[in-house]
Amino acid sequence: MIGKIISCSSFAGTVGYVMKEQSHILAAEGVTPPEVRDMVRDFKDQTLLNPRIKNAVGHISLSFSPKDADKLTDARMTQIAREYMERMGIRDTQFLLVRHLDQAHPHCHLVYNRVGNNGQTISDKNMKIRNGKVCKELTAKHGLYYAKGKEEVNRDRLREPDKTKYQIYDAIRACLPESKSWGDLENRLQERGITTSYKYCGQTDRKQSVLFGKNGFTFSGSKIDRAFSYTNPNRHFEQLQRMRPPIEQPRYTAQSVDKLRAAADSYRSAFSGLFKSGNVPEESVNLGAFGLKGGLLLPPSDFSGGIAPELMQRRIGESHEEYINRITALIRAATEAMLVAAAERKRKLKERKANKPKIGF
């Protein structure tokens with residue numbers, strides 16, 4: 001069961017649409033069917049009780065799976081629709097419930113007045129959230145078919161931007177299992193006319209979310225599907241990297257390892273001197289790949305001289321010796337930045353003490 005909240009601006013257009021051919025009325029209260037003109041007049045008359053409501057038209061379609069067609073008699077559909085209205089807070093007001101027979105899947109349309117019988121307002125606050133929750137509850141209660149994922153959605157009936165969103169969904173679903181990395185996934189999607197971009201955390205190069213674009217529309221991965229937020233594919237790629245056996249064993253010269261060890265010791269000393277009084281961050285980088293025990297704690301994210309974990313990865317085409325030398329240089333640069341920051345902190349402290357007014361007796 002799926003409820004779709006439809007934006008409408010007039011009772012005339014809405015009632016005229018739901019009362020089309022191949023339809024019949026299931027229930028009505030406060031309006032006089034079957035003439036569209038009479039029902040529209042009834043709806044409009046009640047809106048005068050609360051002229052503060054700018055748009056009093058409520059319109060929701062309730063759709064069911066074709067697999068439930070046999071069990072969805074008019075009486076059963078009416079019962080479910082009334083339960084839906086009660087749980088959504090659509091009560092004590094005019095409504096018209098019409099079943100359409102022009103599609104393979106059973107569905108009906110609910111038109112109601114947001115101005116209640118006593119002039120009260122039928123709230124539309126958090127309508128979409130409440131709608132999704134109520135539909136799930138009624139689907140379970142009445143033993144209706146529950147579609148597993150987006151595969152059941154009829155693509156031919158979609159309009160933009162949903163049409164493009166589902167095209168991207170289908171493409172990612174097909175390409176992701178065959179992709180070994182983000183770059184690999186980007187190339188595969190590009191062949192299907194889909195662009196990939198990223199949002200970053202602050203001013204860093206740390207990726208925070210992923211965006212996919214096509215046909216002039218752009219969606220975050222989580223809007224395409226929760227499974228396609230940045231975190232989930234990234235975890236998939238990281239697992240592949242861990243499962244993949246190394247093509248070659250790293251070989252570093254003793255001299256390069258000694259230089260890295262010395263740089264790491266200096267880094268730890270500078271880190272302790274600068275951050276010993278603050279909150280020590282838990283994130284760290286491991287030096288086990290170079291044969292060194294222990295890792296390096298990373299400075300807080302707002303420290304400009306820190307080491308981004310992404311930079312610690314070996315680059316494509318980079319030899320082992322180039323790799324360890326680059327990491328050593330990164331650690332030395334971070335150490336120098338922390339020493340400068342510590343010296344500046346010490347200078348400012350000394351300056352404040354010197355400028356502190358003396359109180360004499």
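Close-up 1. Arg41 comes out partly exposed, at a relative accessible area of 42% (buried is under 20%, exposed over 50%, partly exposed in between, using a 1.4 Å probe and protein chains only). This is a predicted model, so local features need pLDDT of at least 70 and side-chain atom pairs count only at pLDDT 80 or more, while totals for chains, interfaces and linings use all residues. Residues are numbered from 1 along each chain as its sequence is written, and side-chain values use heavy atoms, with hydrogens and water left out. Arg41 pairs up with Asp38 in a salt bridge, with the closest N and O atoms 3.2 Å apart (a salt bridge needs a side-chain nitrogen of Lys or Arg within 4 Å of a carboxyl oxygen of Asp or Glu). Arg41 and Asp38 sit three residues apart in helix α2, so about one helical turn separates them (helices are DSSP runs of H or I with at least four residues, strands are E runs with at least two, and numbering starts from the N terminus).

**Close-up 2. Helix α1 against helix α2.** The axes of α1 (residues 11-18) and α2 (residues 36-47) come within 9 Å and cross at roughly 140 degrees (axes are lines fitted to C-alpha atoms, for helices over the stretch in contact, with angles from 0 to 180 degrees between N-to-C directions). On the α1 side, Phe11, Ala12, Val15 and Gly16 meet Val36, Met39, Val40, Phe43 and Thr47 of α2 (contact means heavy atoms within 4.5 Å). Sorted by type, the residues of this contact are seven nonpolar, two polar and no charged (Ala, Val, Leu, Ile, Met, Phe, Trp, Tyr, Cys and Pro are nonpolar, Asp, Glu, Lys and Arg charged, and the others, Gly among them, polar).

**Close-up 3. Arg82 reaching Glu29.** A salt bridge links Arg82 to Glu29, with 3.4 Å between the closest N and O atoms. Arg82 belongs to helix α3 (residues 74-88) and Glu29 to strand β2 (residues 23-29), so the pair ties together parts 53 residues apart in sequence. Arg82 is partly exposed, with a relative accessible area of 38%, and Glu29 is partly exposed at 38% too. Searching the whole structure turns up 15 salt bridges.

Close-up 4. Glu351 and Arg347 form a salt bridge, their closest N and O atoms being 3.3 Å apart. Both lie in α10 (residues 320-355), four residues apart, or about one turn of the helix. Salt bridges with shared partners join Glu344, Arg347 and Glu351 into one network.

Close-up 5. Pro33 and Pro34 are joined by a cis peptide bond with omega of about 10 degrees, and Pro34 is in the loop between β2 and α2. Another cis bond runs from Glu160 to Pro161, omega near 5 degrees. Asn215 isn't a glycine, yet its phi is positive, near 55 degrees; look for Asn215 in the loop between β7 (207-214) and β8 (217-220).

**Close-up 6. Cys108 without a disulfide.** The structure holds zero disulfides (pairs of cysteine sulfur atoms within 2.5 Å). For Cys108, the nearest cysteine sulfur is that of Cys135, 10 Å away. Cys108 is buried, at 1% relative accessibility.
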